[in-house]
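Open the model in your viewer and switch to a cartoon view.

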Amino acid sequence: MQLEYETPRLLLKVLKADNTNATRVLDFYLNDKLFFERYEPDRIPNFYTHAFQKSILKFEFNAMVKGTHIRYYVFRKEEPDVIIGTICFHEITRNYFSNCELGYKFATEFHHHGYAREAIGYALTSLFTEEGIHRVQAFVEIHNVPSIRLVEKLGFEQEGICHDYIKLNGKWSDHYRYSYINPFQSEPQI
């Protein structure tokens, strides 16, 4: 996959570990801290620091080079310095499994504008066509109705419930498991 993509309204970028990008990422997380924390595991104490964000950017860039993880930060074209969201494909496996998991989050200020659908849809198409990934999974907390609607509009199909899937705010939380099979792959020839 490439380091940067452009959609009609957005820029999707893999960020390198520098001070400017670490500041942008930290601002993104701090601006919607309470909202994001509702749906994500408890943060380690130094998560909301510049140094930690810079180290995560370095880790993620190295994982992208290895082909096991890729995170795109999403920017609007009219504000190319302000992160509005992030899309992550992680646990990327090849060969027999050829799958990964999708994660995403968008700043609440930019909900209900179609940005998440536009960015994730484009990133999925690139993942399928350029990387040949066969299956993408998404796990959505069962009370997160907007996220459920989003993955269903993108074409994901619900496969069931993962009970006590992840600990959020000190409690085990059930999640729906969704999958999306690569629509661009043809059946093997016999």
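This is a predicted model. Start by selecting strand S2, residues 10–13. S2 runs antiparallel to S1, and 3 bridges join the two. Show side chains here: glutamate 6 stands opposite leucine 11 in S2.

Now widen the selection to the whole sheet. Its 8 strands follow the order S1-S2-S3-S4-S5-S6-S8-S7. The sheet is open, and its pairing is mixed. Which are the edge strands? Select S1 (4–6) and S7 (157–168); each pairs on one side only. Look along the sheet next. On average, neighbouring strands are turned by 30 degrees against each other, direction ignored.

Next, select helix H4, residues 115–131. H4 lies across S1, S2, S3 (69–76), S4 (79–90), S5 (99–106), S6 (135–141) and S8 (171–181). Against S4, the helix runs at about 50 degrees.

Finish with the cysteines. How many disulfides does the count give? The count comes to 0. Then pick cysteine 162. Cysteine 162 is in no disulfide either, as its nearest cysteine sulfur, that of cysteine 100, is 16 Å away.

Buried or exposed: where does cysteine 100 fall? Cysteine 100 counts as buried because its relative accessibility is 1%. Cysteine 162, at 17% relative accessibility, also counts as buried, because the cut-off is under 20%.

Notes
Residues numbered from 1 in each chain as written. Predicted model: local features only at pLDDT ≥ 70, side-chain atom pairs only at ≥ 80, totals over all residues. Heavy atoms only, no water. Disulfide = S-S within 2.5 Å. Buried < 20%, exposed > 50% of the residue type's maximum accessible area, 1.4 Å probe, protein only. Pairing = 2+ DSSP bridges. Helix = DSSP H or I, 4+ residues; strand = E, 2+ residues; numbered from the N terminus. Axes fitted to C-alpha atoms, helices over the stretch in contact; angles between N-to-C directions. Contact = heavy atoms within 4.5 Å.
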